[in-house]
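Trainee: Hi! Could you walk me through this one? I'm new to it.
Mentor: Happy to. Let's get it on screen and take it topic by topic.

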Amino acid sequence: MSSKEQFNQISPSEFFYRNRDLAGFSNPTRSLYTAVREFVENSLDACDHSGILPNIHMTIKAVDPEKPDPKQYILTVKDNGPGIPSKHVPLAFGTVLYGSKFGLKQARGMFGLGATMAILYGQITTNKAVKVKSNADGKTRFDYEMLLDIQKNKPVILKKQETSSSEKGLSVSICLDGDYSKAGTKIRDYVYQTSLITPYATISFDDPKGEKFHHKAIIRSMPPAPTIIAPHPYGIDVETIRRMLVDTHYQIPNVDDKMIEKVRKELGMSKKKFTYDEIMKKTEKKWKSLTRPVRVVIALMSFLEADFEKLQRIRIEDVDLRNNKLIYWDYSTSQTLVADMDVESHYYKQLANTVQGESLTHFLSKRFQRVGPTAALEFCKFAKFKPETRVGNMTDQELVKLSDALQTYEGFRSPDPTCLAPLGDGPLEKGIERRFEPDFMAVVQRTASAYSGFPFVIEMGIAYGGKIETRGTTVYRFANRIPLLYDEGSDVVLKVVKDTDWNRYKVKNDSAPMIIVSHICSTRVPYKTVGKENVADRPEIEKELRLALQFLSRKLSGYMSKKGQAEMAKKRANLYSKYLPLVAQFCTELSGNKKEPNYKEMIKEETALTNSDGSIEEVKKNG
Amino acid sequence: MAKKQTKKETKKQTKKEKIDKSKNLISLLKKHGAQVYEDLENGEFPKFSIPNRSISNIIYDKKLRQYVLGTNTSLRSSRNSSQLRSFTQLLWLAFFANKLTHEKKSSTLRDVYYSSQAFAVDFEDQGESDNIIVDLEAVLSQPREDFYVFPEERSSIFGDLTIEYTIPGYEGKTQNLSSHPDGYAIGPSMTSAELVDTSAELVIAIEKGGLFTRFVEEQVDKKFKSIIINTGGQAPRSTRTLLKRLHDEMSLPVVILTDGDVYGEHIAMVIKSGSANAAHLKGLTVPDAKWMGVWATDIDKFKLPTIPMTESDIKRCYDLLKDPRYQEGLWKRELEVFIKIKRKAELEAFSKYGLNNITEKYLPKKLEESKSF
C-alpha cells in the first residue's frame, strides 16, 4: 500500500454539505427555523437596498399533514422586492459562494450564503428541487426548478418557464425536513419580533396548522439605506486583503451591460451592431483616448474574439497569467470555458499590468476608509514598506506583515459610521408603541462607536405598563434588524440588563410589566457562535449598551416616581375616607357621647392636601 | 381560727379590689375614648402613646424579680398614613374591650379576630389582632384577662379548693375542685372566681397532662395536702394568674415539677419570674415558687433513663446562660450540668422503677429537700 495520502479538492457546496451544522442546519427543528430566517432576511435586505417598502408573505405547509413530526414541509417566501434578473437566477440559487460583496455596509446577512444553505439542506433531506419565481423588470416572470450538483457546485436546471406578469418580486419555495410542532413558537416569535424591528414592513405568515399571522406596516417611510463604504484598516485580515487585491479596479472590471455601454460610447460605436474586426480597428485609432477600464475590456475581447453580443453572454472568472489562460462562464450554455492568451499581444501587457496592481500608497488611500495619501505614506514608514510597492506582486509573507501592521498602527482615524442603518428614534418608538401600547416608553439612539475597526450604533427602547402582559423584564434583542431568539443566557445585552440595580430606578425587576428592545447595528456584529444568536461582550459594545440603558432607566425612574406619588396620594385619600369615620364611631361610643365629632373637614383637607402636593411636584419637573 | 380569719379578710379585700379594678379599667378606656373624641372635634389627629416593647426596652428588675419595660414609648398617630390602620384597630379593640367588660362576657383571642370583621376593621390574620391586643395591654398596663380576652385553654386544676363564681349567670355558685377526677379547666370563670376555702397546704404545678392524671389517681392531693395544676407545657397567663392568687390570697407555697431538660427548667422560671413577652404586665409571677425537679443533677442521682439532647436543646442552654435570671444558684448550676451531660430525662422516666415510683419515692424526697431552699 502506498503511504502517501490522497488529497482531494472539495467544492464549496461539498464543504457546506459536510459542515451544515455550523450554519444552523443541525436538526429538523433548528433547520426549519434557520431556513425561514434566511429567506425572510434575504427578502428584507433586497427590499431595503432598493428602497421598496417590504411586503413579505410566508407559508409553511406540510406535505402530508397526517404524518407525525419531523416530516416534510414546503416553505415559501414571497416578496415585492427587485427580483433577480433571469440569467443570474441559476447561479444565485444553484451555487454556493456566488457574488462578491467586498465593500462594507450593514446588511442582515452576507453573500446570500444562508439561503443557498437552506436550499442545499432541503435537497439533501427531501431530494426535491427548489422553485424560484423571479420578476425583475415588471414584465416577465421566470420560473425555475433546479437542483444543485454538490460535487461540481453547479446548478442543474430541471425546468424553466416564462410568463408575462407586472408584479415585481421574488418567490422561493423549498421542500425540507422540519419539525413545526417544536419550531413553531420560535418561528412565530421570529415573525413577530421581525415586524417589531421592521415597522415599515408588512409581514404575513400562514402556518401549517391553518393559523394566519398578519403584521401590517406601522409606518410608511423607510429609514435611510446604508451606503457601501470601504473597510477600515483595523477591521482587516490577510484573507480580506487578498480578496481586495483581486477586486481592485486595476483588476478586470465587471463586464455588465453598463460597462459595455461605456465601451461603446468611448469607441463612438453606440448605435449599431458591429463585428469583432470593426471594433478592433476602431480601437487602434482611439486607444490613447480610452480610459483604463475600457482598455481592459477591449483586451479581454481581443482574446475572446468577442463582439458586444458575445460579451453580454459571459462573465470573466479568472485571468491566469501563469498559464496564459482566460477563464469565463458562458450564460447561454451554462458552463465554464477557457481561452488562450497570446503573450506577444500588446493587449496581454495591458492585462498583466492590471493584474500586478497599483502602488501600496495608492491602494491604501483609495481602498480604505479614513486613510488619505499622507496617512498612507506615514503608515508605510511605520510598517517599513516602500510606498511604491506594487500590491499585485506582494508575497504571502508581505501580506501577513501588511495585515499585522494595519491593525497595530495607531495613526488611523476611527471608523466611519455612515455605512450603518439604525432604525432611528421615530420608527423604533412607533414600533414599540403600536405593538405593546405601554403607559410609558422611551427610546435612545447612541452616537456611533467602534470596536476593532468595525463601527456600530446602539439603539434601545424601554416600555412599561399598559397592555404589556408579561411580568418581569422581557428583553427583545436585535442585531442588524434580525431578532435573536436562541442562546440568550450568554448574550451581552442580557448581561447588562441583569447587572442593573433596578431598585435604584424604582422598578421591581421580577414583577414589573417591562420590555426592553435592544438593537445593535454594525458592519460586523460580533456573534459568539456561527448560528448568529448571541452577541459577545466586547467592552466597547458593553459600555455603549450600559450608557443607553442608564439613560432610559433614568427616564423610567422619573415616570415611576411620578406614578408612585400619584398612587400614594390616591391611596392616602382612600385610607382616610375609610378609617376616619370608623375612628369617629368607636371613640363616640367609647367616650359615651351621643353625636359623632365633626371630622368630615379633616378628610377633605387630607385629600386636597395630597393633590396639591402632586401638582407642586409637576411644576418642578416641568421647570 | 386565726388563719381562716385572715383568709376571709383578704378575700373581702380582693373582691373590693376586683370591682375597683373593673371600674378603673372602664374609666381608663373612657378617658382614652374621650381624648380621641376631643382631638377629632378640634380637627386634630388623635394618637396613642404605647410603651415600646422591643428587646432594647426590656429590663430585668431585680427588686420585682421579673422583666419590666423601660421608659421608651412610641407614638401611634392617625396623622401618619402608615399607622392609621393600626390606630383604628387599637381604638376598635378599646371599644370592644369596653363592651366585654361592661357585659362581663369573655372572648378568646380568636373570637377577637373574628369579631373585628363585624365592623369594617380588618385584621390580616390572628397574629395581627393578637399584636394589637398586646398593644392595648401595654397602653392600659392591664393584662388582657382584665378586659375579658383569654387564650384557648389547655391547663387544668384538681384538689380540695372551693371557689365561688363571679361570672354572669353563675354569681354566688360554689364548686369544690376535687369532685371531678379529670380536673377542671382553668378558664376565665376560674380565674375570675373567688377563692373561698381550701384544706391544702401546697400547690404542685406539673408540666404534663399524663403525670397530672397519675397524681390524681395516686391521690397526691390527699397524701401531700396539695392542689395539683397541669400547666400543659409553658403555663398560660390565666394559669399563672391563678397560681399567683393561690399563693398570695391563700398563702400556699407553689412547687413546680417539669421534665429534666432545659425547657422544663425554663417553664419553672417563667412561673417564677415571668416571660419577656409579658414584660409590660405585672401580677403574673410567683417569685416564691420553687422548681422541685427534675434537675440535671437528679438524672444521675436517681439513675434515670435518658435521651441525648438535640442541637437546638444545647443552643437553648447557651442562650439561657446569658439571661440575667440564670446567673446564680440552682438555675445556673443545673443549666451547666445539662450542658455537661448533654442528656435529658422526661418525667415518665421514673416509670422504669414502677408506675408509682415518682409519687412514692421521688416526690416526698424532693418536697423534703425543697423546704431547705
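Trainee: What pLDDT does chain A average?
Mentor: Chain A averages 83, and 90% of the residues score at least 70. pLDDT is the predictor's confidence in each residue, from 0 to 100. This is a predicted model, where local features need pLDDT of at least 70 and side-chain atom pairs count only at pLDDT 80 or more, while totals for chains, interfaces and linings use all residues. Residues are numbered from 1 along each chain as its sequence is written, and chains are lettered from A, with ligands numbered from 1, in the order in which they are written.

Trainee: Where in chain A is confidence lowest, and where is it highest?
Mentor: Helix 18 (residues 600-622) of chain A is lowest, at a mean of 54, and strand 1 (residues 55-62) of chain A is highest, at 96. Helices (H or I, at least four residues) and strands (E, at least two) are DSSP runs, numbered from the N terminus.

Trainee: Over which residues of chain A does pLDDT stay under 50?
Mentor: Residues 98-103 of chain A are one such stretch, and the model has 13 contacts beyond four places in sequence for them. Residues 612-623 of chain A also stay under 50, with five contacts of that kind. Two residues are in contact if their C-beta atoms, placed from the backbone, lie within 7 Å.

Trainee: How many residues of chain B touch chain A?
Mentor: 23 residues of chain B are in contact with 19 residues of chain A. On the chain B side, the elements giving two or more residues are helix 1 (2-41) and helix 2 (84-103). That side divides into 14 nonpolar, six polar and three charged residues. Ala, Val, Leu, Ile, Met, Phe, Trp, Tyr, Cys and Pro count as nonpolar, Asp, Glu, Lys and Arg as charged, and the others, Gly among them, as polar.

Trainee: Which residues of helix 6 of chain B are buried?
Mentor: In helix 6 (residues 209-217) of chain B, they are B:Leu211, B:Phe212, B:Arg214, B:Phe215 and B:Val216. What covers them includes strand 12 (202-206) and helix 13 (357-370) of chain B. Just after helix 6 of chain B, B:Gln219 takes a positive phi of about 55°.

Trainee: Last one, back in chain A. Which residues make the contact between helix 16 and helix 17 of chain A?
Mentor: Helix 16 of chain A gives A:Val492, A:Val493, A:Val496 and A:Val497, and helix 17 of chain A gives A:Ile541, A:Glu542, A:Leu545, A:Arg546 and A:Leu549. By class, this contact has seven nonpolar, no polar and two charged residues.

How values were computed:
Buried ≥ 20, exposed ≤ 12 C-beta atoms within 10 Å, placed from the backbone.
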